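Reader: I have not seen this structure before. Could you take me through it by way of questions?

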Number of protein chains: 2
Amino acid sequence: MADKIKISFPDGNVREYDAGISSMDIAKSISEGLARNVLSAEVNGVVWDASRPITTDATLRLLTWNDKEGKATFWHSSAHLLAEALEELYPGIKFGIGPPIDNGFYYDVDLGDNEFSSEHFEKIEKKMNELAKRGVSFDRQEISKSDAIAYFEDKGDEYKIELLQDLEDGKITFYTQGNFTDLCRGPHIPSTSSIKAIKLLSVAGAYWRGDEKRKQMTRIYGITFPKKTEMEEYLVMLEEAKKRDHRKLGKELEIFTFDDDVGPGLPLWLPNGAAIIEALEDYAKKTEEEAGYVRVKSPHIAKESMYLKSGHLPYYEDSMFPPMLIDNEKYYLKSMNCPHHHKIFAATPKSYRDLPLRLAEYGTCYRYEQSGELFGLMRVRCFTMNDAHIYCTEEQFEEEFSKVNDLYMKYFETFGIDKYLMRFSKHDPAKLGQKYINEPELWKKTEDMVRKVLIKLGVNYVEVEDEAAFYGPKIDIQIYSAIGREFTLATNQVDFAQAERFDLSYTNEKNEKERPIILHRAPLSTHERFIGFLLEHYAGHLPIWLSPKQVAILPLSDKYQEYAEKLLNYLKKYDIRGLVDNRSESVGKKIREAELKKIPVMLIIGENEEKNNSVSVRIHREGDKGSMNWESFIDFFNKLKEERK
Amino acid sequence: MADKIKISFPDGNVREYDAGISSMDIAKSISEGLARNVLSAEVNGVVWDASRPITTDATLRLLTWNDKEGKATFWHSSAHLLAEALEELYPGIKFGIGPPIDNGFYYDVDLGDNEFSSEHFEKIEKKMNELAKRGVSFDRQEISKSDAIAYFEDKGDEYKIELLQDLEDGKITFYTQGNFTDLCRGPHIPSTSSIKAIKLLSVAGAYWRGDEKRKQMTRIYGITFPKKTEMEEYLVMLEEAKKRDHRKLGKELEIFTFDDDVGPGLPLWLPNGAAIIEALEDYAKKTEEEAGYVRVKSPHIAKESMYLKSGHLPYYEDSMFPPMLIDNEKYYLKSMNCPHHHKIFAATPKSYRDLPLRLAEYGTCYRYEQSGELFGLMRVRCFTMNDAHIYCTEEQFEEEFSKVNDLYMKYFETFGIDKYLMRFSKHDPAKLGQKYINEPELWKKTEDMVRKVLIKLGVNYVEVEDEAAFYGPKIDIQIYSAIGREFTLATNQVDFAQAERFDLSYTNEKNEKERPIILHRAPLSTHERFIGFLLEHYAGHLPIWLSPKQVAILPLSDKYQEYAEKLLNYLKKYDIRGLVDNRSESVGKKIREAELKKIPVMLIIGENEEKNNSVSVRIHREGDKGSMNWESFIDFFNKLKEERK
């Protein structure tokens with residue numbers, strides 16, 4: 001009789017099985033339906049093939065398409081399928097690496113003398129579909145380093161041999177599906193037959209191992225789905241995402257620009273962009289003031305000693321701009337606002353009556369990103385953060401953390417963000433004193449408080465083990481745009497280490513010194529990332545309160561120029577951002593261009609309007625709303641603005 | 001019979017005199033009263049002794065106490081008087097340099113073994129008064145370098161000998177009054193007897209030639225006046241200025257701080273300071289929006305190529321922070337916002353219909369200042385400027401320049417700035433193509449337009465020759481605080497060079513490319529300088545709209561805590577910045593501290609107030625204003641705020 005092992009499930013259930021049972025068989029023991037969806041399994045925290053035997057007691061999480069790790073397994077297997085198809089179509093080609101990515105996978109190949117372009121995609125997709133339909137498994141084989149090298153020497157693939165050199169003997173595995181064998185750590189899906197929809201997306205050059213001095217390989221990107229309908233939805237989303245690309249909209253709507261003399265990753269905000277920033281800042285400042293925040297303002301540089309104190313130097317140096325030597329001291333551009341805020345906290349003595357102290361600043365930070373990593377407003381070298389640090393007592397923490405979450409929820413509602421996910425990253429007790437600050441009590445207490453608040457507020461969250469920051473648990477907030485694309489906002493962090501490093505303290509009721517707990521938060525992320533998100537989310541049709549120009553005044557001819565200017569000044573008094581299209585063009589053309597510029601409201605004026613002191617109102621993407629006098633228009637406009645907030 | 005020379009006066013009059021006549025004799029020929037006030041004279045642009053003979057045709061400006069140069073002559077002579085007194089009291093001491101400064105003069109002396117402190121001031125002042133009363137003249141003597149060196153070798157003053165080494169033979173002069181002879185370029189006043197009031201102010205150490213490796217000398221500061229009453233007024237002003245010192249007030253009122261880990265000259269704005277900044281920015285943005293400005297936002301760094309284009313490198317390099325090397329390119333912290341704004345102008349094609357384009361930004365700039373030059377908020381390394389650049393056509397220039405001046409006048413009124421002076425700096429036609437861009441027509445036209453506007457607006461201004469910027473005329477604005485101290489705000493500049501350098505253009509009505517004229521302006525200066533000024537100007541008693549905390553709620557005891565918090569939230573709804581003093585202190589103490597913090601309005605609450613839903617109002621420096629209900633208080637407050645704006 002086989003030994004028994006205990007399997008613990010995420011819901012807390014524990015069941016006994018025979019040792020050597022696979023995750024797939026466990027799934028089948030629960031339900032055939034579940035088993036059909038299993039792609040891989042997390043066994044004792046490590047993602048495995050679902051077919052691999054489990055021989056000891058273990059925690060088990062069955063992974064499906066709904067899990068990030070399940071998707072990654074699926075796409076990783078799809079990369080192998082692509083390689084198999086390529087090898088059949090172009091015998092003798094050589095392979096680099098083929099990992100899953102956020103959306104799909106790629107494989108880097110050395111195609112030798114074969115000509116190649118996206119015109120060949122159809123042929124390859126066809127072959128992949130054919131291979132997938134065979135429904136073969138991905139078989140795992142442990143292999144010695146020498147045998148592995150011998151295999152690829154025989155095959156003549158020097159890239160795989162180079163990869164093998166770096167691997168430790170005894171830890172090398174091959175995976176084989178059909179006629180294709182690859183050096184691979186795995187895991188893979190149970191069968192190729194789950195891959196029901198296949199699309200190759202693009203082809204690009206990529207240097208072997210990212211080294212521009214080495215061979216440029218061909219990188220082929222693709223995506224696959226377990227259902228054809230999902231592929232269709234994805235392709236529609238992709239098409240929509242192209243139209244909503246913030247770089248394209250940013251140019252068309254004159255939001256931001258880059259300039260060679262300024263430098264890559266350093267956006268210049270044009271008047272329309274600055275108007276969005278002003279509207280966002282006004283809104284953030286107002287909500288923060290209501291929530292009891294006070295504002296501060298700090299320089300963009302500080303001495304080396306500041307960052308040695310904070311611990312950012314030398315560990316974080318690669319992400320910082322290089323130092324400037326002034327009066328024999330190194331100064332760095334700040335890559336975060338925290339140390340400056342800590343200094344402001346420390347500038348005057350604090351008592352418990354001063355807490356919670358919530359210091360807010362729209363602070364501009366500088367981080368060095370590789371030029372190849374820069375991407376529109378999403379990856380930049382200069383960004384302005386909706387930053388604040390909350391200094392509080394242990395007793396205040398729960399309420400403060402809860403209020404920060406309220407703010408997130410409020411913002412999500414304001415911006416129509418229906419889908420979000422909070423990843424609650426916790427410490428690992430086994431790593432206290434190494435990866436995590438050695439305060440077991442505080443960790444437990446804080447994590448319990450965080451969890452309690454998340455549950456109480458009913459927010460959508462997942463818990464992640466062993467991913468906390470050094471100084472405390474953190475929450476990564478992911479939001480999804482209207483077309484379902486994922487964006488990572490800034491994190492929300494609990495910090496019980498920096499107060500010590502910066503010797504921050506307050507006097508408690510017993511007249512003793514205590515360290516405050518610090519909360520880092522930035523619910524509106526950075527202007528760069530958030531406006532990039534908003535452009536996609538709203539497809540450029542910003543709600544009225546955020547629109548750089550809210551009203552376009554379109555005179556029928558030059559004769560109504562003066563009336564137009566009077567009207568513009570009238571609107572200004574009511575804080576309505578307007579413009580006059582004073583060109584000698586037909587009103588039809590003016591309307592078309594105002595529509596293209598996505599200006600929410602158009603006011604057409606001519607003889608009638610001037611005579612009656614009125615305006616003809618037209619709404620972007622809706623059309624004519626009739627004529628009204630100036631006062632009525634203000635009411636109409638304000639109501640519209642409120643409705644669409 | 002003597003030769004005749006022609007003397008031209010500033011009013012355009014020309015008179016003939018005998019060659020060799022002195023400025024003083026010319027003054028006498030006009031009026032004995034005038035002659036009594038003459039301290040020195042500007043002859044052909046050079047400041048001279050009034051006693052020096054004029055031998056050629058010349059332009060002449062007689063200088064009195066009312067002229068900056070007249071004051072400088074007076075104080076320079078006073079420094080010699082101080083030296084004479086010191087030599088009589090401490091025979092054998094040695095002398096460094098003794099120049100006039102903005103307010104008074106100093107002399108650096110090596111006192112040898114003599115003990116010295118400010119306790120000796122009275123004795124020295126007495127001696128100076130005694131010497132002044134003799135009414136001796138300052139006699140000028142041209143002397144050869146060797147004779148001059150022999151004189152100081154004989155006297156045993158190695159400092160003067162060192163100074164002499166650097167001078168060119170044939171251009172060396174001595175000045176003698178009474179028993180004291182000094183190496184000196186002059187000029188000096190006609191007689192010591194004009195020096196009627198003398199006060200030594202302070203004593204400090206100063207390294208010989210500013211070199212910390214050399215001898216530390218004793219620097220004695222003093223000031224003198226031609227009338228005793230002026231001295232009295234000055235000393236009162238000085239006393240008042242000490243109380244109003246922005247560094248002292250900045251600390252007491254928790255406005256700003258400096259931190260060693262951040263660095264010298266890099267202010268951190270505490271919540272109270274940031275609140276002032278927010279109020280100023282709101283006001284500036286509102287006025288600028290009304291005046292048709294649009295806002296932009298730019299990074300704090302740019303590539304070397306940007307500053308080579310602007311011409312700031314290499315000429316201005318010493319005032320810039322050192323470069324950071326990123327991806328093999330040099331990046332600099334911006335020391336001005338102009339180039340970034342030019343890039344924003346250039347980012348999209350412009351037509352005449354887009355002009356005037358007024359780009360505004362509160363932009364933070366970085367300039368390197370020697371650490372010894374740093375002074376509170378007045379000389380800093382990081383400052384945020386009320387910046388804007390106006391791009392306009394030649395035809396639009398006059399109106400735009402006029403509107404900028406209107407803005408200055410509006411701001412002066414808002415901040416109760418009664419006294420100001422605009423220095424209109426013009427080009428010198430002889431230096432076109434060298435010191436000044438070679439556009440004679442444009443210079444003439446622009447300067448005429450500037451003058452016309454200044455006259456039309458009736459502003460207080462003086463014209464200064466040969467002090468324009470390279471690229472156009474400029475206006476330096478000096479304002480005076482409530483106690484009469486002078487502050488230099490940023491300059492207001494006309495620029496017809498940068499458009500060329502940055503290849504900025506617009507399409508005119510004939511569809512041709514033209515260069516815009518650029519106006520640089522910053523009427524509210526930098527936050528640092530302007531808030532420093534305001535603290536002195538208002539002696540820290542900021543008007544309500546600028547006060548960081550506008551209302552202090554002072555509960556009679558802990559029992560009214562809840563009522564206090566309710567009231568605070570009510571005020572918040574009306575955008576009133578309040579605080580609750582929730583300490584267990586007597587209300588008397590709370591009032592005293594609110595007065596010290598200069599909070600404009602205090603609301604005292606106790607049993608009666610809670611029962612009647614009312615507040616007892618107290619005004620800073622005025623006292624009790626009686627009881628009122630919440631709604632009435634809002635009206636009262638808003639009226640008060642408006643009255644005191």
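The questions below go from the whole chain to single residues.

Reader: What kind of model is this, and how many helices and strands are there in chain A?

Author: This is a predicted model. The C-alpha atoms of chain A fill a box of roughly 95 × 75 × 60 Å along the principal axes. As for secondary structure, chain A holds 19 helices and 35 strands.

Reader: What percentage of the residues in chain A are buried?

Author: A residue is called buried when its relative accessible area is under 20%. Chain A has 645 residues. The buried part of chain A comes to 55%.

Reader: Among contacts in chain A between residues at least 6 apart in sequence, what percentage join residues at least 24 apart?

Author: Here two residues are in contact when heavy atoms lie within 4.5 Å. Of the chain A contacts between residues at least 6 apart in sequence, the part that joins residues at least 24 apart is 67%.

Reader: Which cysteine has the sulfur closest to that of B:Cys338?

Author: B:Cys338 is also buried, with a relative accessible area of 13%. The closest cysteine sulfur is 8.0 Å away, too far for a bond. The residue that carries this sulfur is B:Cys365.

Reader: How are H9(A) and H15(A) oriented to each other?

Author: Two packed helices are described by the angle between their axes and the distance between the axes. Helix H9 (residues 271-290) and helix H15 (residues 527-537) of chain A pack at about 105°, with axes 11 Å apart. This angle makes H9(A) and H15(A) roughly perpendicular.

Reader: Which residues of H15(A) meet H9(A)?

Author: H9(A) contributes A:Ile276, A:Ile277, A:Leu280 and A:Glu281. By class, the contact has six nonpolar, one polar and one charged residues. On the H15(A) side, the residues are A:His527, A:Phe530, A:Ile531 and A:Leu534.

Reader: How are H9(B) and H15(B) oriented to each other?

Author: In chain B, the axes of helix H9 (residues 271-290) and H15(B) come within 11 Å and cross at roughly 105°. The contact involves B:Ile276, B:Ile277, B:Leu280 and B:Glu281 of H9(B) with B:His527, B:Phe530, B:Ile531 and B:Leu534 of H15(B). H9(B) and H15(B) are therefore roughly perpendicular.

Reader: Is A:His312 buried or exposed?

Author: A:His312 sits in the loop between helix H10 (304-310) and strand S20 (324-326) of chain A. Among the residues it touches are A:Tyr307, A:Glu317 and A:Met336. At 17% relative accessibility, A:His312 counts as buried.

Reader: What is the C-alpha to C-alpha distance between A:His312 and A:Met336?

Author: A:His312 and A:Met336 are 24 residues apart in sequence. In space, C-alpha to C-alpha, they are 9.7 Å apart.

Reader: What form does the peptide bond from A:Leu313 to A:Pro314 take?

Author: A:Pro314 is in the loop between H10 and S20 of chain A. Omega for the bond from A:Leu313 to A:Pro314 is near 0°. The bond is cis.

Reader: Which residue is joined to B:Pro356 by a cis peptide bond?

Author: B:Pro356 lies in the loop between helix H11 (338-346) and strand S22 (357-366) of chain B. Omega of the cis bond is about -10°. The partner of B:Pro356 is B:Leu355.

Reader: Is B:Ser525 buried or exposed?

Author: B:Ser525 lies in the loop between strand S30 (517-521) and helix H15 (527-537) of chain B. Its phi is near 55°, a positive value in a residue other than glycine. At 2% relative accessibility, B:Ser525 counts as buried.

Note on methods: Residues are numbered from 1 along each chain as its sequence is written. Chains are lettered from A and ligands numbered from 1 in the order in which they are written. This is a predicted model: local features need pLDDT of at least 70, side-chain atom pairs count only at pLDDT 80 or more; totals for chains, interfaces and linings use all residues. Side-chain values use heavy atoms; hydrogens and water are left out. A disulfide is a pair of cysteine sulfur atoms within 2.5 Å. Buried means under 20% relative accessible area, exposed over 50%, partly exposed in between (1.4 Å probe, protein chains only). Axes are lines fitted to C-alpha atoms, for helices over the stretch in contact, and angles run from 0 to 180 degrees between N-to-C directions. Helices (H or I, at least four residues) and strands (E, at least two) are DSSP runs, numbered from the N terminus. Angles under 35 degrees count as roughly parallel, over 145 as roughly antiparallel, 65 to 115 as roughly perpendicular and the rest as oblique. Ala, Val, Leu, Ile, Met, Phe, Trp, Tyr, Cys and Pro count as nonpolar, Asp, Glu, Lys and Arg as charged, and the others, Gly among them, as polar. Lists of a residue's contacts leave out its neighbours within four places in sequence.
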